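Biologist: I have the model open on my screen. Can you walk me through it?

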Amino acid sequence: MSIHDFSDAALVVVGHGSTLNAESSAPTYQHADELRHLKIFAQVVECFWKLEPSIGGVLRGVFTSRVFVVPLFISEGYFTEEVVPRELGLCAKDQKEFARVQKRNGQTIYYCGPVGTHDRMMNVLLARAQEVVEKHPFPRMPKPSETALFVAGHGTSSNENSRRAIERQVELIRAKNIYAETHAVFMEEEPRIGDCYRLAQVKNIVMVPFFISDGLHSYEDIPVMLGEPERLVRERLKRSQPTWRNPTEKKGKLVWYSKSIGSEPLIADVILGRVREAETSNRLNC
């Protein structure tokens, strides 16, 4: 078997899921389906924290000698470092350190890092930014050199990794010198999403939400933070209309606002990147 041959392996894609948001599971199923279609793995399965099939029972249906588990999460934190490994039986409750590669019942389980912290997520963000202006080229499609790109995240004082994951992608994009400016903005930390008008030195703004699935934050909260009246946003949502019209002029800027990154097809490549990384790391450590 050559390096990066996964014909004897299973891929488990772990999503959060939500009983309140029917769209929350869609990216997990989308990317699992895409990787299943490519026939790289003997088996591809998906599981969720808040939905069925559950994380705790997923390995009972996996029969390959090697199993790669990839969390479809934005950053390292409570879920990726505690909840998911605990539910998989890789660590005990409140156990902070655990082996990322474990042999159990004749299987080798590789616990990979979350997709959101992989450097290839830069390509996902760039694809989203390009897509939204190409779909809405009014009054004309702005050049990246005339545009400020903003990556919008949640941000939270309880998990500094949430902010770090976004700032890392911003650094990578900035180094490419594609956009006139690239900034990180947050819902609950400084600089805030609404600060984009002050931060941008050019007229055109593209805002990309760094979330796996669209939901309350991307459909309601961020458009309001960008200046749309809350009443109008909710009316559009009730009518199943886009809650942000691309582009919208606000405070002398022209703003394009994209969908969340979770459904971007390039994420399947990021998942593969995590699997290859885990295999290579294990080979080097053997």
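Biologist: How many helices and strands are there in the chain?
Modeller: Nine helices and ten strands. These are DSSP runs numbered from the N terminus, with helices (H or I) of at least four residues and strands (E) of at least two.

Biologist: And where do the coordinates come from?
Modeller: This is a predicted model; local features need pLDDT of at least 70, side-chain atom pairs count only at pLDDT 80 or more, and totals for chains, interfaces and linings use all residues. Residues are numbered from 1 along each chain as its sequence is written, and side-chain values use heavy atoms, leaving out hydrogens and water.

Biologist: How much of the chain is buried?
Modeller: Buried residues are 51% of the 286. Buried means under 20% relative accessible area, exposed over 50%, and partly exposed in between (1.4 Å probe, protein chains only).

Biologist: Which residues of α3 are buried?
Modeller: Helix α3 covers residues 78–88, and Thr80, Val83, Val84, Pro85 and Leu88 are buried there.

Biologist: What covers them?
Modeller: The cover includes β1 (9–15), α2 (55–58), β3 (66–71), β4 (101–104) and β5 (107–111). Contact here means heavy atoms within 4.5 Å.

Biologist: What comes after α3?
Modeller: Glycine 89, with a positive phi near 85°.

Biologist: Is cysteine 91 buried or exposed?
Modeller: Cysteine 91 is buried, with a relative accessible area of 10%.

Biologist: Now the backbone. Where are the cis peptide bonds you flagged?
Modeller: One joins glutamate 52 and proline 53, with omega about -5°. Proline 53 is in the loop between β2 (43–48) and α2. Another runs from asparagine 246 to proline 247, with omega near -15°. Proline 247 lies in the loop between α8 (230–238) and β9 (248–250).

Biologist: What about asparagine 105 and its phi?
Modeller: Asparagine 105 is not a glycine, yet its phi is positive, about 50°. Asparagine 105 sits in the loop between β4 and β5 and is exposed, at 75% relative accessible area.

Biologist: And asparagine 177, where does that lie?
Modeller: In the loop between α5 (160–176) and β7 (181–186). Asparagine 177 has a positive phi of about 55° and is exposed, with a relative accessible area of 66%.
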